[in-house]
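Hi everyone, thanks for coming. Let's take a short walk through a structure that may be new to you.

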Amino acid sequence: MPQSGDLLRLADAVLFPGFAGRTPPDWLRRRLGEGLAGVALFSRNIADPGQLAGLTAALRAENPLVLVGTDEESGEVTRLEVAGGSSRPGAYALGVVDDEALTEAVARDLGEDLARAGITIDFAPSADVNANPDNPVIGLRAFGSEPELVARHTRAFVRGLQAAGVAACAKHFPGHGDTSVDSHHGVPVVAGDGVEDALLPFREAIKEGVRTVMTGHLLVPSYDAELPATLSPKLLTGLLREELGFDGVIVTDGIEMAAVSGAYGIGGAAARAIAAGADAICVGGERADEATAVEIRDAIAAAVTGGLLPEERLADAARRVRELATWAAASSGGSLDGASGPGDGLGLVAARRAVRVTRRSAAPVLPLSGPASVVELAPEMNLAIDKGTPWGVGEPLSRLLPGTTVARLTAAEATGAALERLLGEAIGRPLVVVVRDAHRYAWQGEALRHLLSARPDAVVVEMGLPARADLGAAHVSTYGSARVCGQAAAEVLTGRL
């Protein structure tokens with residue numbers, strides 16, 4: 001059934017689609033002129049600060065109140081700095097330092113870069129309590145595994161971002177930390193005995209005045225045994241709105257993710273999310289074309305005419321999004337010339353403070369005695385982390401110790417023959433083995449055992465979560481793989497830190 005223009009515009013007023021390219025396509029310009037709420041930017045849309053500022057200015061020319069959002073968590077999940085790696089460590093490193101003033105300063109520094117580039121919503125911080133060390137998608141994105149620590153730093157991050165005029169977004173409600181399934185692929189289930197701990201950072205973010213909360217595609221049987229949080233009135237309206245008292249914008253995680261779209265389709269999931277209490281639909285990480293944006297808009301409108309979604313609920317969602325846009329326009333203080341970009345100053349200070357070293361040998365293993373052989377074991381990362389984001393210790397160590405060699409191996413490449421070849425090449429040189437979440441990947445554990453059995457004097461650098469610090473003659477934990485974390489590790493290895 002054809003929908004009225006007014007209803008279609010109302011549906012557009014809650015959508016944040018993604019798009020391909022570094023300039024706005026014609027369909028997006030047209031839809032923005034007709035009242036589309038906003039856009040979600042990904043690394044595919046961003047080349048450098050100047051280009052990004054030009055892009056957001058072009059979006060704003062079509063709709064002065066457009067909301068421009070992106071996932072800039074710093075650390076592993078970066079959009080602004082995907083080409084070179086983040087100049088700020090991620091949340092877990094900040095939690096390890098446990099200096100709220102530092103976390104707030106890093107977030108404000110980030111917010112100023114975002115505002116300068118024309119970003120009005122940052123889909124950060126992750127307010128998840130990483131209670132499960134085997135979590136495949138949160139991990140280093142959380143501030144830690146203790147609810148009170150995560151709550152403190154969530155508040156600090158929100159303060160910093162919003163002081164710069166950028167809306168913060170606490171995610172992934174009601175808490176994605178104590179799960180073992182990646183919601184990009186399936187439906188994680190949250191155990192009932194951990195829900196209250198998981199909720200604490202969200203309660204505190206709401207007290208801090210966070211402007212937006214992002215839903216997680218999580219099943220929480222103690223509240224709703226049938227519907228994931230994104231689609232659950234009990235969780236979004238009953239818990240988040242009524243019990244926790246959140247009055248800002250509720251935005252969904254990517255609605256194309258299998259945990260919600262698998263059962264209802266992308267349009268059906270979007271309509272059900274608005275009916276449940278969400279105010280904005282984020283899409284475009286995996287589906288970034290006009291047809292997807294049209295499909296979602298039309299499905300929302302059809303849900304109104306079909307009785308699934310009350311028009312008053314849709315109008316209320318559009319009102320909340322509009323109020324956020326008005327706040328963002330009034331709060332924006334950054335220029336859009338893109339003249340300055342991120343630097344390493346404050347972020348490198350934070351990364352240095354997060355490094356932890358465990359020495360297990362009386363021999364003088366550190367600092368390294370000369371150019372090293374570096375072996376980096378590279379696991380497949382989850383979809384939240386752009387595959388093109390550089391990481392590692394080899395490159396910054398090569399700058400500090402010219403002559404250092406670097407070999408990077410994937411799971412398929414880390415064969416016994418390859419490891420023996422690298423051991424041969426490392427004879428007479430310090431050996432540094434770099435891993436990421438070694439406890440979660442059996443192949444990394446096997447490769448480590450192979451290398452350390454031959455070279456017990458090797459240094460191990462863990463750039464993920466360090467489940468063990470008793471590996472190698474010295475073990476260096478960076479609590480992150482951002483560019484500045486690699487730099488800090490290289491400084492430790494060479495005695496500069």
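When I say helix or strand, I mean DSSP runs, with helices being H or I over at least four residues and strands being E over at least two, numbered from the N terminus. This is a predicted model, where local features need pLDDT of at least 70, side-chain atom pairs count only at pLDDT 80 or more, and totals for chains, interfaces and linings use all residues. Residues are numbered from 1 along each chain as its sequence is written, and side-chain values use heavy atoms, leaving out hydrogens and water.

Let's begin with Asp178, in the loop between β5 (169-173) and α7 (195-207). Is Asp178 buried, partly exposed or exposed? Buried means under 20% relative accessible area, exposed over 50%, and partly exposed in between, with a 1.4 Å probe and protein chains only. Asp178 has 31% relative accessibility, so it counts as partly exposed.

Now to helix α12, where we find Ala350. Ala350 is buried, its relative accessible area being 0%. Which residues does Ala350 touch, beyond neighbours within four places in sequence? Its contacts (heavy atoms within 4.5 Å) are Pro89, Leu94, Val97, Leu102 and Val106. Asp99 lies 251 residues from Ala350 in sequence, yet their C-alpha atoms are 9.6 Å apart in space.

Finally, please find helix α16, residues 483-493. Here 10 of the 11 residues are buried, so the helix is largely enclosed by the rest of the structure. Among those buried residues are Val484, Cys485 and Leu493. The elements they pack against include α12 (345-354) and β9 (356-359). After α16 comes Gly495, with a positive phi near 80°.
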